[in-house]
Amino acid sequence: QVHFMESGGTSVEPGASLTLSCTVTGRSVRGVACGWYRQGEGQARETVAAEGNLWGASYAASVEGRFTIFRDNAANTVFLKMTNLTVEDTARYYCNMGSWGDGPLYASWGRGTLVTVSA
């Protein structure tokens, strides 16, 4: 069974940077597309970023140029580096396997990690 364990979320001020981590157990991320998703209060979950070993990364328009997804295959971990954070980035962030086009591969999600951006 595949499990996703997200971490790194915290409260920050606008303009700050933060890097989230997602450690995957039960399946190797090597050769598999992975993505980050977020869900704000009262909002639907949205795709933030996704990337695979054989193709480049894709980002939501709202985070393009500010967020970077990358991975450490040896650690079976996927990261999301976030810069110049705004209050609109406040959400719980989740990771899953799957490409941008196909969406999340697994129906079971981790607990996510909460990012709060406020002045």
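Glu-6 is buried (under 20% relative accessible area, with over 50% called exposed and anything in between partly exposed, using a 1.4 Å probe and protein chains only), yet Glu-6 has no salt bridge. A salt bridge here is a side-chain nitrogen of Lys or Arg within 4 Å of a carboxyl oxygen of Asp or Glu. The nearest side chain of opposite charge, Arg-92, sits 7.3 Å away; Lys and Arg count as positive, Asp and Glu as negative, and His and the chain ends are not counted. All of this comes from a predicted model, where local features need pLDDT of at least 70 and side-chain atom pairs count only at pLDDT 80 or more, while totals for chains, interfaces and linings use all residues. Residues are numbered from 1 along each chain as its sequence is written, and side-chain values use heavy atoms, with hydrogens and water left out.

Glu-6 has its place in strand E1; strands are DSSP runs of E with at least two residues, numbered from the N terminus. Four strands make an open sheet in the order E1-E3-E8-E7, with antiparallel pairing. Two strands pair if DSSP finds at least two bridges between them. The edges are E1 (3–7) and E7 (67–72), each of which pairs on one side only. E1 and E3 (residues 18–25) are joined in the antiparallel sense over five bridges, and Phe-4 stands opposite Val-24 in E3.

Most residues other than glycine have a negative phi. Asn-76, although not a glycine, has a positive phi of about 55°, and Asn-84, also not a glycine, has one of about 45°. Asn-76 is found in the loop between E7 and E8 (77–82) and counts as buried because its relative accessibility is 14%. Asn-84 lies in the loop between E8 and E9 (91–97) and is partly exposed, with a relative accessible area of 45%.

Finally, there is Ala-44, in the loop between E4 (34–39) and E5 (46–52). With a relative accessible area of 62%, Ala-44 is exposed. Leaving aside neighbours within four places in sequence, Ala-44 is in contact with Arg-38 and Gln-39.

Key. Contact = heavy atoms within 4.5 Å.
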